[in-house]
Amino acid sequence: MAAKSSISDLDAQIEKLRARRRTLIVKSAERFARAATKSGLAELEITEEELDRIFEEMAARFRKGEKKGVDHGSASPR
């Protein structure tokens, strides 16, 4: 039988998960920043709205491929 968790134990677990979430967000942001810099995208004058639209289109393209079972190599989930 599992021991009951105290509120402080749950709070500690929540804080650890929040820290882990922050780390994953930072790593993801760094990954995209490296790709943007490497491709020259970071040097272009692109509005936030245009950039958002471009990323939405890319995400839709890769999601469609996942549903069909197509392997895109670098599009593998982490």
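Buried means under 20% relative accessible area, exposed means over 50%, and partly exposed is whatever lies in between, using a 1.4 Å probe and protein chains only. I start there because Leu51, at 21% relative accessibility, counts as partly exposed.

Some ground rules. This is a predicted model, in which local features need pLDDT of at least 70 and side-chain atom pairs count only at pLDDT 80 or more, while totals for chains, interfaces and linings use all residues. Residues are numbered from 1 along each chain as its sequence is written, and side-chain values use heavy atoms, with hydrogens and water left out.

Now the overall picture. The protein has two helices and zero strands. Helices here are DSSP runs of H or I with at least four residues, strands are runs of E with at least two, and both are numbered from the N terminus. Helix H1 covers residues 7-39, and helix H2 covers residues 48-68. Of the 78 residues, 3% count as buried. The protein exposes about 7500 Å², and carbon and sulfur atoms supply 56% of that. Those areas come from the Shrake-Rupley method with a 1.4 Å probe; for residues, only the protein chains shown count as cover.

Back to Leu51, which lies in helix H2. Its C-alpha atom is separated by 9.7 Å from that of Leu41, ten residues apart along the chain.

Phe32 and Phe55 sit edge-to-face, 5.8 Å centre to centre, with 70° between the planes. Phe32 counts as partly exposed because its relative accessibility is 41%. Phe55 is also partly exposed, with a relative accessible area of 30%.

Next, charges. The structure holds three salt bridges, a salt bridge being a side-chain nitrogen of Lys or Arg within 4 Å of a carboxyl oxygen of Asp or Glu.

One of them joins the side chains of Arg22 and Glu15, at 3.3 Å from N to O. Arg22 is partly exposed at 45% relative accessibility, and Glu15 is partly exposed at 40%.

Which residues form a network of salt bridges? Glu50, Arg53 and Glu57 are linked that way. Between Glu50 and Arg53, the closest N and O atoms are 2.5 Å apart. These two residues are three apart in helix H2, so about one helical turn separates them. Between Glu57 and Arg53, the closest N and O atoms are 2.3 Å apart. That pair also lies in helix H2, four residues apart, about one turn of the helix. As for cover, Glu50 is partly exposed at 33%, Arg53 is partly exposed at 35%, and Glu57 is partly exposed at 45%.

Patches are made of residues with over 30% relative accessible area and no salt bridge; like charges are joined within 9 Å, and nonpolar side chains (Val, Leu, Ile, Met, Phe, Trp, Tyr) within 5 Å. Lys and Arg count as positive, Asp and Glu as negative, and His and the chain ends are not counted. The place of a charge is taken as NZ of Lys, CZ of Arg, CG of Asp or CD of Glu. Glu48, Glu49, Asp52 and Glu56 form a negative surface patch. Of these, Glu48 is in helix H2, and Glu48 counts as exposed because its relative accessibility is 54%.

How values were computed
Rings of Phe, Tyr and Trp (its six-membered ring) pair if their centres lie within 6.5 Å; planes under 30 degrees apart count as stacked, over 60 as edge-to-face and the rest as tilted.
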